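Here's a quick tour of some ring pairs and strand pairings. Have the structure open while you read.

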Amino acid sequence: MPHLRIAVVADIHANLTAFEAVEASWGVVDEVWCLGDVVGYGPEPNECVERLREMTQVCVPGNHDLAALGRIDLDDFNPSAKAAAEWTARELTHETRMWLEGLDQRIRRDPFTIVHGSPRQPIWEYVLDTASAAENFRDFDTPYCLIGHSHVPLMFAVGADGRVAGQPLEPEGPFPLRGARRILNPGSVGQPRDGDPRASFGIVEIGSDGQASFELRRVAYDVGAVQTRMRVKGLPEPLAIRLAYGR
Ligand code: ZN
């Protein structure tokens, strides 16, 4: 088994500037895995999908991708998210639409399962506490699961006693995953919500012995330029403002 280095991106949310910044920072990778919500909120949905298509086919859809395709009810969205989803739906090209339509909601790339929300509810569930994490460990059979959706970099692990513990992920370098089953969220490329406005993503390495490591990365990008384009395109102001705060 060859050594593999994989960039893991989630919740790009049509923020091409943030996506380009993380791509420029990750160096040489063998694969890119995407955990969904490529579009929605941001000003460049087609450009983000085009860029991603050139990199990978390993991508699951998120709730905002399905909303832009008209496949889920927008009444579950808050007013800003709904307005952005309607704008995105009008913007999508035929090519973007076809690519998003073809995505599977769950992908297995050993030793990882890949979903957007959670393994038991790939589109909608947020895994933000140990109770929901504990229930979700039953819904995948690989050692590790990669999730997005909450835009918060987090890890849950099952201890030797069977108890589930959670912790925020910080950009502190790579660490080995062996020794526990884990659910990992690399945070959001295009709309972080943990109070740090820098784009967030992960690097997974799988060694020739099959052992995996994970590293959280943060990258600053030109938030002001994205805010300007959101205003020019008429996207809701609260969505532009929050990018500066990472909330
Ligand atoms: Zn999202």
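Are phenylalanine 112 and tyrosine 144 buried or exposed? Both are buried. Keep in mind that what you're looking at is a predicted model.

## Aromatic pairs

Searching the whole structure turns up six aromatic pairs. In one of them, the ring centres of phenylalanine 112 and tyrosine 144 sit 5.4 Å apart with the planes at 45°, so this pair is tilted. Phenylalanine 112 belongs to strand β4 (residues 112–114) and tyrosine 144 to strand β5 (residues 144–146), so the contact ties together parts that are 32 residues apart in sequence. Trp33 comes into the picture here too: ring pairs link Trp33, Phe112 and Tyr144 into a cluster.

Now for phenylalanine 175 and phenylalanine 214. Their ring centres are 6.1 Å apart and their planes at 55°, so this pair counts as tilted. Phenylalanine 175 is in strand β8 (residues 175–176), while phenylalanine 214 is in strand β11 (residues 212–219), so the pair ties together parts that are 39 residues apart in sequence. Why does phenylalanine 214 count as buried? Because its relative accessibility is 0%, and the cut-off for buried is under 20%.

## A charge over a ring

Have a look at phenylalanine 140 as well. Arginine 181 lies over the face of that ring, at 4.4 Å from the ring centre.

Strand β9 (residues 182–185) is covered on both faces. Arg182 and Leu184 are buried on one side, and Ile183 and Asn185 are buried on the other.

As for partners, β5 runs parallel to β9, and three bridges join the two. Along β9, leucine 184 has leucine 146 standing opposite. Strand β6 (residues 154–158) pairs with β9 in the antiparallel sense, over four bridges. There, phenylalanine 156 stands opposite isoleucine 183.

## The five-strand sheet

Which order do the strands of the open five-strand sheet follow? They go β2-β1-β10-β11-β8, and the pairing is mixed. In general, strands of a sheet pair through backbone hydrogen bonds, either parallel or antiparallel.

The edges of this sheet are β2 (31–34) and β8. Each has a single partner strand, so one side of each is left without a neighbour in the sheet. For β8, pairing with β11 is antiparallel and covers two bridges. Phenylalanine 175 stands opposite phenylalanine 214 in β11, and those two residues also form the tilted ring pair described above.

How values were computed
Residues numbered from 1 in each chain as written. Predicted model: local features only at pLDDT ≥ 70, side-chain atom pairs only at ≥ 80, totals over all residues. Heavy atoms only, no water. Phe/Tyr/Trp six-rings, centres within 6.5 Å; stacked < 30°, edge-to-face > 60°. Buried < 20%, exposed > 50% of the residue type's maximum accessible area, 1.4 Å probe, protein only. Lys NZ or Arg CZ within 6 Å of the ring centre and 35° of its normal. Pairing = 2+ DSSP bridges.
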